[in-house]
Amino acid sequence: MTQAPELPPLHMRRDAFNPTPELRKIRETDGVRTVTNAFGMKVFLVTRHEDIKDVLSDHQRFSNTRPPGFVVPGAPNVPEEEQTSARAGNLLGLDPPEHQRLRRMLTAEFTIRRMKRLEPRIVEIVEAQLDAMEKAGPPADLVASFALPIPSLVICELLGVPYDDRDDFQRRSARQLDLSIPMAERLKLVRRGREYMGSLVERARQQPGEDILGMLVREHGTELTDDELIGVAGLLLLAGHETTSNMLGLGTLALLRHPDQLAAVRDDPGAIGPAVEEMLRWLSIVHSAIPRITTTDVEVAGVPIPAGQLVFVSLPSGNRDPDFIDSPEVLDIRRGAPGHLAFGHGVHHCLGAPLARMEMRIAFPALLRRFPTLELAEDFEDVAFRSFHFIYGLRSLEVTW
Amino acid sequence: MVRVQADRDVCISAGNCVMAADAVFDQDDDGIVVVLVDEVPEGEQDHVREAVRLCPSQALRVAD
C-alpha cells in the first residue's frame, strides 16, 4: 500500500501566498536540484527565471511527448488502445509540428478581438453570480459562490454545454485534478468526463452550433478524429476551469490582505490591467509547467541532466527571481510585471491567456464594486489553502460585507 | 530606422505583442501576428522591444 506523504512534493510546498523558502535556496545556490514528484519519481527541478525560459522554449531537447514504455508508478494498467485514444487531442502531450497543427485550429477562438466580443456575455455571467450572492446575503463562501462558477460557466458557454448538464459537469471537473483523491477514482472521473465530452462531440457532428466544438467540426471536421475533438474539449475544460477560478479566489484574498491595493482595483478603472498581471506573477498558482523529458544529454545552470529525465520548471520560483524583477516578494499591482511566467513560455504558452485575463479584469472590479465593504469572515490563519493539487488555490473563503 | 519582422509560421497567437504595442501589432482572424507598420514610429520603439522580449515563441525580430 502506498502511503500519502505528509507534505506535498517540494515544488508544491507553500506558506499561504509564498513558495517554500527551500525553492529560493535552490535558486540561489545550484539553480537545479533533483527532487521527488507526487508519484515518487525523481525529477530535475529548475528554479531560475532565465533557465525556465530556456527550457520552455527548447521543445527539441525538452519534449512534452513521452517515450514508449514510460509509466507513472501506481498508475493502473490501461490498455494501449485506450491510452492512445486518451492522448489524442491533448496539446500538452505533443511537440511541434503535431502540436502546431492542432493549436492553429484553435487560435481563432482565443484572439483578443474574439475575447472582446465575448466580453458582454462574461459581464452577464459575473453580474448574475453577484446578484445571487447579494440575494442570499452575507456571509458567503467566495469560492463556491463566485470563484468557481464564473470560469466554469464561461467555459460551458464556449464548449456549448447545455444548461441542464452544467451542475454535473462542474462537480466532475473540480475533482479530476485533486491529488488527494486516489488515482483509481480520478481515472474513473476522467473516463466519465470523456464519455460526456463524447456526447457533446456527437451532437456537434450532427448539428454544429456556434460554440468551439461546432466551429471545429465546420472548419476542420474532416481533419479531426472524434478522439481528438474529445481531447481538445477536455483540455479546454480543465485548463479553463481550474486556473481562473483559483486566481479569482486567491487573488481576492491577496487584495483583502492589501487594502490600499484593493481600493485601487475597486476605484481606478486603469488599475485592473496591470493588477491582473502582478497577481498572476505573485500568486503563480500553477506549480510547474507540464513536465518535460530530455531527449538528449543537456546542461541547465551548469547541472548535467542525462537524456530521458523528467524536468520540472518551478513557475512560482521563476516569478520571484530577483534577477527577473525587483522586490519579487512584494505584491505591487501598479507595476504590471511584464515577462512573468504564469502562463508559461514557448510553444505551449497558455492558449486561453486572453480569456483568463478578460475574466479577471471583469470579475475582480465587479466584485469589489458590488460589495465595497467586502472583508474576511474567518481568521486569516484559518483560511483553507489547497496545497495537494496540481494547481494552488483555496478550498473555501468565508467573506462578509 | 527600426523595422520589426514577424515569423507567422512560428507565431502561437499568445497575443502578448498586441498587449505590448497595439499600434504596431495585430492578430488576423486566425490569431496569427500581423505587423501593421513598415517602420516603427519613434514613440513605439520601446513597446516593440518589449513585445520582442515577451513573445513566447520568439517569432519577432527587430531590424535596426
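**Helices that cross**

Analyst: Helices α9(A) and α10(A) are oblique to each other, a class for angles that are not under 35 degrees (roughly parallel), over 145 (roughly antiparallel) or 65 to 115 (roughly perpendicular). This is a predicted model, in which local features need pLDDT of at least 70 and side-chain atom pairs count only at pLDDT 80 or more, while totals for chains, interfaces and linings use all residues. Residues are numbered from 1 along each chain as its sequence is written, with chains lettered from A and ligands numbered from 1 in the order in which they are written.

User: At what angle do α9(A) and α10(A) pack, and how far apart are their axes?

Analyst: Two packed helices are described by the angle between their axes and the distance between the axes. Here α9 (residues 183–206) and α10 (residues 212–220) of chain A pack at about 50 degrees with axes 9 Å apart, the axes being lines fitted to C-alpha atoms over the stretch in contact and the angle running from 0 to 180 degrees between N-to-C directions. Helices are DSSP runs (H or I, at least four residues; strands are E, at least two), numbered from the N terminus. Leu200(A), Val201(A), Ala204(A) and Arg205(A) of α9(A) meet Leu213(A), Gly214(A) and Val217(A) of α10(A), where contact requires C-beta atoms, placed from the backbone, within 7 Å.

User: Are α13(A) and α15(A) roughly parallel or roughly perpendicular to each other?

Analyst: The axes of α13(A), residues 272–283, and α15(A) come within 10 Å and cross at roughly 110 degrees, and these two helices are therefore roughly perpendicular. The residues in contact are Ile272(A), Gly273(A) and Val276(A) from α13(A), with Arg357(A), Met360(A), Arg361(A), Phe364(A) and Pro365(A) from α15(A).

User: Which residues have the most contacts inside the largest nonpolar core?

Analyst: A nonpolar core is a set of buried Ala, Val, Leu, Ile, Met, Phe, Trp, Tyr and Cys residues joined through C-beta atoms within 7 Å; buried means 20 or more other C-beta atoms within 10 Å, exposed 12 or fewer, and partly exposed in between, with C-beta atoms placed from the backbone. The largest such core has 120 residues, and those with the most contacts inside it are Val46(A), Leu159(A), Leu213(A) and Ala233(A). Helix α11(A), residues 226–256, gives the most to this core, with 13 residues, and 26 of the 31 residues of α11(A) are buried.

User: Is Asp51(A) buried or partly exposed?

Analyst: Asp51(A), which sits in helix α2 (residues 49–56) of chain A, counts as partly exposed because it has 19 C-beta neighbours inside 10 Å.

Notes. Two residues are in contact if their C-beta atoms, placed from the backbone, lie within 7 Å.
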